[in-house]
Amino acid sequence: MQVKVFLNEDEFPKQWYNLAADLPSPMLPPLGPDGNPITPDMLAPVFPMNLIEQELSQERWIDIPEEIKALLYRWRPTPLHRAIHLEKALGTPAKIYYKNESVSPPGSHKPNTAVAQAWYNKQFGIEKLTTETGAGQWGSALAFACALVGLECKVFMVRISFDQKPFRKAMMQAWGATCIASPSNQTQAGQDILKRIPDTPGSLGIAISEAVEAAVSDKTGKTRYALGSVLNHVMLHQTIIGLEAKKQLKKIGEKKVDVIIGCAGGGSNFAGLAFPFVADKISGKDITIIPVEPTSCPTMTRAPFAYDHGDTAKMTPLLPMHSLGHNFIPPPIHAGGLRYHGMAPLVSQAIVEGLLTPQALHQTECYAAALLFAKTEGIICAPETSHAIAATIQEAQKAKEEGKKKVILFNLSGHGLMDLTGYDNYLAGKLIDYPLPEEDLQKSLESIKDLPQAPANKTGKW
Ligand SMILES: *Cc1c(COP(=O)(O)O)cnc(C)c1O
């Protein structure tokens with residue numbers, strides 16, 4: 001029996017897919033500080049113009065430059081696996097497939113956009129990229145990409161992760177990047193925080209502020225900032241996952257997929273797999289598409305669709321998205337990549353339209369699913385990915401109860417070999433669930449009360 005499907009380089013997608021072109025109700029624009037839609041030149045100090053054009057593009061298909069393909073061929077196309085051992089353990093009639101994004105050198109889907117962003121910056125004449133990283137996955141992906149295209153890279157890593165996760169830092173350094181703990185003394189934003197709270201553990205919000213400041217304050221004009229999720233161009237770059245998966249399903253003889261599943265932090269690995277299938281759903285196909293988040297950070301399942309900033313320091317434009325509020329402080333769950341307060345505007349608009357069925361799961365249930373997956377399929381997944389696996393198991397069990405031979409496809413967004421502390425704690429019985437209390441949610445939402453309203457436009461078809 002065939003359990004893996006590979007593609008050759010010449011079967012790799014020639015274009016990225018842009019869902020913005022097909023959403024039945026158009027996206028709301030990002031807003032500037034004055035409440036008016038932002039213009040491309042307002043973003044120019046932060047991003048190169050070629051990426052700003054992609055960010056604002058309404059084109060359905062965007063050509064992938066040959067040189068970016070050559071970068072991606074170092075590990076792509078990635079395999080599609082059939083999880084027959086998991087199916088057997090569950091005794092389900094469902095067929096479970098997963099796209100294995102853990103095979104990239106840094107170990108996740110993030111390099112798909114990192115190499116594209118690095119290449120476009122290089123094309124534009126940029127010499128150095130700055131970014132922030134929480135758990136270290138994005139920082140290591142960008143460090144890897146900058147090494148391949150020949151850019152300097154500076155990563156502001158949240159202090160507490162910097163101290164607790166020395167190996168991600170070592171990966172960044174091996175690829176030639178500089179990784180410093182945030183808050184640092186190198187930016188005004190960092191100095192201000194350190195003066196107020198000298199022993200702060202740091203936060204993603206502070207690290208974003210430092211990375212943006214470091215980019216825009218470089219007087220040579222040759223430094224820009226890179227973001228690993230949330231933005232439209234990041235979703236775009238990730239769609240090669242779903243486009244490859246479609247070809248692979250066809251190769252293995254599947255005519256129809258019933259359920260698509262991905263974990264969602266900022267939304268990029270989910271969008272990458274799901275958006276080409278969302279297009280099918282828009283044109284009439286019957287598919288259930290499930291983004292999964294932790295109950296401790298319930299952006300899609302409990303937060304309103306609203307205009308909010310992407311960062312705590314309010315340096316970014318206002319984005320139309322599901323948001324827990326930019327001051328949201330997530331509980332210390334191990335899936336660091338799922339602790340963001342917002343959700344990609346493209347994913348959010350698809351939720352508003354009713355095209356997606358978001359779900360929230362407790363972390364202990366997710367770790368239990370990850371262990372079953374490790375013992376059957378063999379891969380120790382990232383804590384983030386465990387959310388997609390737990391939802392997949394639920395769907396497979398539902399198919400068993402209904403006696404239906406459903407086809408389920410999920411995204412294995414990364415491996416967990418750099419995140420074994422979470423497994424260690426789970427196995428020692430030390431992990432607890434943190435469903436977000438309603439009063440904490442309401443308190444956090446106060447930070448967006450006075451921002452412009454975002455109308456939830458939808459056709460009502462789904
Ligand atoms: C960063 C990360 C995520 C969450 O980010 P998205 O943009 O929502 O994909 C999920 N899985 C892994 C392995 C990650 O590194």
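The model is predicted: local features need pLDDT of at least 70, side-chain atom pairs count only at pLDDT 80 or more, and totals for chains, interfaces and linings use all residues. Residue numbers start from 1 along each chain as its sequence is written.

**Whole chain**

Select the protein chain and colour by secondary structure. It has 19 helices and 15 strands; helices (H or I, at least four residues) and strands (E, at least two) are DSSP runs, numbered from the N terminus. The radius of gyration is 21 Å, close to the 23 Å from the globule rule for 462 residues, so the chain is as compact as a globular protein of that length. That radius is taken over C-alpha atoms, and the globule rule is 2.2 Å times the number of residues to the power 0.38. Along the principal axes, the C-alpha trace spans about 60 × 50 × 45 Å.

Buried residues make up 54% of the 462 residues. A residue is buried if 20 or more other C-beta atoms lie within 10 Å of its own, exposed if 12 or fewer, and partly exposed in between, with C-beta atoms placed from the backbone. Of the contacts in the chain with a separation of 6 or more, 77% are between residues 24 or more positions apart; two residues are in contact if their C-beta atoms, placed from the backbone, lie within 7 Å.

**Two domains**

Next, colour 4-8 + 66-107 + 233-448 as domain 1 and 49-63 + 110-231 as domain 2. These bounds come from an automatic or database domain assignment. The C-alpha centres of the two domains lie 23 Å apart. Their contact takes 29 residues from domain 1 and 33 residues from domain 2. On the domain 1 side, helix 3 (66-72), helix 11 (232-238) and helix 13 (268-282) each supply at least two residues. Helix 11 gives the most to that side, with 5 residues. By class, the domain 1 side has 12 nonpolar, 15 polar and 2 charged residues. Here Ala, Val, Leu, Ile, Met, Phe, Trp, Tyr, Cys and Pro count as nonpolar, Asp, Glu, Lys and Arg as charged, and the others, Gly among them, as polar.

**The ligand**

Select the ligand and its shell. Both domain 1 and domain 2 give residues to this shell, so the ligand lies between them. There are 19 residues around the ligand, of which Ser229, Gly265, Ser268, Gly337 and Gly414 come nearest; a residue is near a molecule or strand if its C-beta atom, placed from the backbone, lies within 6 Å of it. The shell divides into 5 nonpolar, 12 polar and 2 charged residues. Helix 13 gives the most to the shell, with 3 residues.

**Val230**

Move to Val230, in the loop between strand 9 (223-225) and helix 11. Its phi is near 70°, a positive value in a residue other than glycine. Val230 is buried, with 24 other C-beta atoms within 10 Å.

**The nonpolar core**

Now show Leu142 and Ile260, which touch the most other members of the largest nonpolar core, a set of 133 residues. Such a core is a set of buried Ala, Val, Leu, Ile, Met, Phe, Trp, Tyr and Cys residues joined through C-beta atoms within 7 Å. This core draws at least three residues from each of domain 1 and domain 2. Leaving out residues up to four places away in sequence, Leu142 touches Ala114, Leu129, Thr131, Cys153, Val155 and Ala226.

Select Glu132 in strand 6 (residues 128-133). Glu132 is buried, with 29 other C-beta atoms within 10 Å. Beyond residues up to four places away in sequence, Glu132 touches Phe156, Ser182, Leu204, Ala207, Ile208, Glu210 and Ala211.

Then go to Val259 in strand 10 (residues 259-263). Val259 is buried, with 23 other C-beta atoms within 10 Å. Its contacts, not counting residues up to four places away in sequence, are Thr288, Ile290, Glu395, Lys406 and Ile408.

**Two cis peptide bonds**

Finish with the prolines. A cis peptide bond joins Ser182 and Pro183, with omega about 5°. Pro183 is in the loop between strand 8 (178-182) and helix 9 (188-196). Another cis peptide bond joins Arg76 and Pro77, with omega about -10°. Pro77 is in the loop between helix 3 and strand 4 (80-82).
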